[in-house]
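Biologist: Can you take me through this model? I'd like to start with how the chains meet.

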Amino acid sequence: MVPLSYYLVLSAVLFACGVAGFLMKRNIITIFMCIELMLNGVNLAFVAFAAHWHRLSGQVFVFFVMVVAAAEAAVGLAIIISVFRTRETLNVDRVNLLKL
Amino acid sequence: MNATDYIRILPELVLTVFGMIVMLIEPLLPEHNDRKGLGMLALVGSLLAIAATFYQAGYPGQAWFGMVQVDSFSVFFHLIVGFVAATVILASFEYLAVQGIRLGEYYGLILLGAVGMMLMSSAVELVLIFIALEISSISTYILAGFRRRAAISAESSLKYFLLGSFATAFFLYGVALMFGATGSTSIYPIAASLRTGAPALAYAGMALMFIGLGFKVASAPFHVWTPDVYEGAPAPVVALMSTAPKAAAFAVLLRILFAAAAPGWFWIVWCSAALSMTLGNIGALVQTNVKRMLAYSSIAHAGYLLCAFAAAKDIGISAAIFYAAAYAVMNAGAFIVIAHFASHNERYVLIDDYAGLGRRAPGLAAVLTVFLLSLIGIPITGGFFAKFYVFSAALKSDLVGLTIIGVVNSAIAAYYYLRVIVVMYMREPKEDTPIMPMPVALGVSLTAAVVVTIYLGVLPGRVLNYALQGARDLVK
Amino acid sequence: MLHLALFSFFGAICVAGAINLLAQRHPINSALSLIVVMGSLAVEFMLLGAEFVAVIQVIIYAGAIMVLFVFTIMLLNAGEEERSAGSRIAVLLGVPALLILMGLVAWVLIRQNPASGTVAAGALPGTPPEIGRLLFRDFLLPFEITSVLILIAIMGAVVLARKEH
Amino acid sequence: MSGNLSVGWFVLISVIKILIAVPILLGIVAYTVWLERKLVGHIQNRWGPSRVGPFGLLQPIADGLKLFFKEDLTPPYVHKALYLLAPILSLTLALTSIAVIPVGGWVTIRGARIPLQITDVNVALLIILGITSMGVYGVALAGWSSNSKYSLLGSLRASAQMVSYEVALGLSLVGVLILSGTFSLRGIVEHQLGGFWNWNIFGGGQIVAFFIYLCAAYAETNRIPFDLPEAETELVAGYHTEYSSMKFAMFFMSEYANMVTVACLASVLFLGGWSGPLFGPPVLQALLPVFWFFLRVLFFLFLYIWVRGTLPRFRYDQLMAFSWKFLLPLAIANVIITSLVVALRS
């Protein structure tokens with residue numbers, strides 16, 4: 001038996017690492033990977049809660065998250081390729097035609 | 001599965017079918033074809049979807065095992081999305097031709113994206129809401145990058161994509177926590193569970209979901225992406241993405257806050273509303289680029305809308321619904337004018353470029369003036385009643401502070417909108433910007449937007465009543 | 001006891017992988033650590049009984065999505081990450097954000113009730129037939145709607161990544 | 001699965017099974033190489049290996065020794081850690097999949113029923129798919145870490161190819177899954193027992209799926225006619241150009257181990273696994289299924305080599321078009337038709 005909160009803490013740690021990475025990393029691809037990490041953390045929370053409530057819908061939700069992640073990855077990487085084609089860089093700080 | 005199940009997703013079905021037909025025809029067309037035929041097809045699709053929505057309004061109720069619910073609320077937002085999609089498609093014929101974009105996928109993406117936006121307003125299960133949200137987001141990420149030769153467009157697409165996915169992850173974590181707190185992902189069971197007492201998890205879930213949706217509706221402090229993305233994206237796409245997905249995201253927010261009765265949102269919404277209004281208007285004051293200026297103004301408008309959220313109750317919700325409609329029409333119209341005027345490669349997007357427009361193209365200038373006046377909230381335009389209802393709802397709920405902030409902000413906002421009008425009518429142009437003749441399609445779409453804006457400003461009663469009905473259906 | 005040991009072991013790998021993802025400067029190393037995270041998460045899913053989810057996690061996430069990442073990294077020949085002026089601001093912003101988030105979550109986990117429970121190994125067996133039944137009945141509409149999502153994604157990837165002719 | 005066994009016995013039996021299975025697998029791998037050289041030799045009107053041992057039968061051992069004692073070169077400028085990791089990853093993943101493949105029915109020793117399989121799990125097929133999908137990393141990392149243009153091109157091609165064909169491969173299996181209603185490989189075989197008319201390829205009408213599976217599997221294992229990742233005439237040796245000695249041998253072995261896995265899976269999924277006539281004393285009855293199974297595997301390995309000796313290589317665009325425009329629609333059609341038939345029959 002493992003307390004549910006252990007699973008939740010693990011999921012929160014993964015999510016928080018993703019957030020920190022999103023803010024800290026400079027390479028666009030790595031930033032995108034950090035988003036995937038966040039989604040993974042979310043998935044763990046879903047599965048853990050599904051076990052807690054004995055409701056399979058939590059596990060089904062994870063499938064949809066994965067499908068969406070896959071779709072996002074396809075589109076995102078295509079966007080990254082098209083940015084690279086016009087700017088020849090993968091550093092977010094150099095993608096700065098639009099001033100923030 | 002019986003027939004009513006299908007009727008309750010009929011508009012989405014129509015759009016999907018037309019989107020797929022567009023996709024199937026696109027590769028058969030020769031390279032140099034301008035894809036106008038596909039655009040017409042897409043237009044027919046969106047108009048049929050609107051018709052389907054009217055038909056659907058006679059069959060309220062849930063369908064697909066409690067996944068979607070048709071009620072006045074969903075019908076209202078379906079109409080907003082359908083109207084914006086049709087207008088933008090009409091306006092895109094000329095834009096795509098001028099920019100030399102010969103990709104039929106453009107229309108396919110608008111139609112399929114609209115499927116997501118419509119579903120967002122009728123979904124009552126977080127799984128479906130999430131998928132619909134992603135459909136609408138992903139299609140707009142792609143559309144933002146459609147000027148493929150322009151680095152600025154790719155960059156806008158990238159920023160939108162990265163921040164949008166980031167926001168989605170927050171939304172999802174919120175959903176997970178809400179599921180943990182209540183054991184369900186369906187709106188009404190969640191509401192039932194929360195009524196018996198909300199654990200701390202539910203508060204955290206609500207806050208995280210608000211972060212995610214706050215990004216999508218561009219409310220402060222989650223608004224930083226808006227000016228950049230709107231500046232870089234193609235103007236008709238901005239007309240779409242600053243209105244339809246936003247309205248849909250507001251619909252989701254309304255469902256989560258009021259139908260699911262999520263706890264503890266009041267101060268978050270209050271702060272976000274005040275911040276959005278203030279930051280949006282202050283940001284807009286210093287812009288020289290019209291697209292950026294309107295981007296900041298859209299942040300401010302998200303703030304006004306959130307005021308209505310904070311007012312809550314029937315009257316606040318109906319004010320929010322009405323505001324969403326008025327804002328969608330006037331903002332889409334304004335961006336369509338910009339799209340027309342921007343010319344090849346979007347060269348003319350600075351406020352100074354508009355100098356002398358009032359004399360050289362009186363019609364275009366007059367139309368833009370109507371939209372800008374409506375954005376300010378001048379009487380006989382839709383914007384006036386929208387603001388009026390929002391602030392009176394806020395006052396009735398004793399939100400004096402928020403109302404004062406809102407009214408002061410409206411006054412500030414008048415300055416930068418009026419500046420454009422002044423430039424158009426009072427200043428002589430430095431160089432003669434080319435003014436293209438107005439094509440019929442664009443004329444139709446602008447006329448539609450103007451007519452609706454004025455209609456909402458002169459006879460708001462029917463729409464407001466329907467919004468009130470929607471609000472009642474929502475909290476029932 | 002075995003459950004706890006396995007949880008801790010793979011949880012530790014997960015966290016180590018996540019931290020390594022942040023620490024590494026070359027995107028390919030980050031990608032590999034992310035794969036490790038996903039693999040050990042699959043084991044965690046297995047421990048919770050979600051065997052189908054676990055396998056799909058490996059096939060979809062590790063086997064398809066991350067391959068796409070690695071492929072793109074190779075295609076664009078992405079090099080070491082350079083530290084630039086922006087990154088210092090981001091670190092200043094990122095670390096507090098992380099701490100606040102962690103604090104928030106910790107507070108919630110202490111305060112809320114469900115977490116006081118425990119879950120047994122394989123608490124909720126998510127076998128393929130069970131999942132399938134749910135997916136094709138209660139979740140039929142979302143399932144079908146995902147095809148629209150995937151269609152959009154395919155279209156977008158083709159439009160954006162295709163060379164201009 | 002084995003309720004009448006204590007945990008200790010279960011572990012012991014599993015270890016024994018592993019100790020038996022792995023050497024056999026490695027032996028098959030080694031002698032597939034021999035078979036290939038011999039057969040291709042005969043196809044090309046030569047003798048093939050004939051010096052070492054009778055019919056060159058000791059050739060694999062000689063080859064092994066040679067590779068083992070060769071100098072292990074690590075070129076400069078490679079990314080060391082990943083360069084080392086890639087072949088290990090490839091071989092490990094290739095050898096792991098054998099764990100869930102059933103080679104025969106049950107044997108009863110002292111009242112305990114033991115499956116002739118290292119482990120029987122109910123998502124076995126998905127596990128194999130998962131393992132094969134991870135196999136891409138071995139190739140991708142090898143190419144990338146070698147820091148050589150031939151390697152990189154080879155591995156880029158390989159990753160694109162493997163990802164593309166995995167879609168067709170996965171879809172080709174859906175028909176079988178619909179028919180048998182389980183992911184367990186043992187369950188799938190047991191569904192086909194009782195005569196060749198029960199095999200999925202005949203009785204189940206999965207002959208199209210079988211064809212798709214074979215094409216996709218050939219591409220997944222990077223074999224001719226889909227061997228573009230290593231295409232020695234254009235890319236030197238593709239992703240393993242920079243590898244030598246044991247590290248090269250690991251790639252080599254993993255390729256053949258993957259072939260064996262594909263052969264096993266094809267037998268299990270489409271050709272009725274170990275089904276076949278049983279006769280004779282009980283010991284023979286227990287071992288005959290294993291024999292029938294290996295016969296099928298041998299057939300598929302022979303087919304691999306035959307194809308290699310006969311067909312030319314695809315061009316890269318043809319390869320992609322073949323997967324996306326031909327195999328994929330065909331596989332989807334097969335899924336639709338199979339599910340319609342099953343739905344109408346019930």
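Predicted model: local features only at pLDDT ≥ 70, side-chain atom pairs only at ≥ 80, totals over all residues.

Biologist: How many residue pairs are in polar contact across the interface of chain B and chain C?

Modeller: One, with both residues at pLDDT 80 or more. A polar contact is a pair of N or O atoms within 3.5 Å; within protein, one must be able to donate a hydrogen and the other to accept it, and residues adjacent in sequence count only if both atoms are side-chain atoms.

Biologist: Which helix gives the most to the side of chain B that touches chain C?

Modeller: α6(B), with eight residues. Helices here are DSSP runs (H or I, at least four residues), numbered from the N terminus. By class, that side of chain B has 22 nonpolar, six polar and six charged residues. Nonpolar covers Ala, Val, Leu, Ile, Met, Phe, Trp, Tyr, Cys and Pro; charged is Asp, Glu, Lys and Arg; the others, Gly among them, are polar.

Biologist: What area is buried between chain B and chain C?

Modeller: About 2900 Å², of which carbon and sulfur atoms give 81%. That is the accessible area (1.4 Å probe) the two parts lose on being put together, summed over both.

Biologist: And which chains have the most contacts among the pairs that touch?

Modeller: Chains A and C, among four touching pairs; contact means heavy atoms within 4.5 Å. Chain B and chain D do not touch, and their nearest C-alpha atoms are 14 Å apart.

Biologist: New topic. Is B:His301 buried or exposed?

Modeller: B:His301 is buried, with a relative accessible area of 1% (buried is under 20%, with a 1.4 Å probe and protein chains only). B:His301 sits in helix α14 (residues 290-311) of chain B. Beyond neighbours within four places in sequence, its contacts include B:Tyr323, B:Lys387 and B:Tyr417.

Biologist: What covers the buried residues of α20(B)?

Modeller: The cover includes α4, α15, α17, α18 and α21 of chain B. Among the buried residues of α20(B) are B:Leu442, B:Leu446 and B:Val450.

Terms used: Residues numbered from 1 in each chain as written. Chains lettered and ligands numbered in written order. Heavy atoms only, no water. Helix = DSSP H or I, 4+ residues; strand = E, 2+ residues; numbered from the N terminus. Buried < 20%, exposed > 50% of the residue type's maximum accessible area, 1.4 Å probe, protein only.
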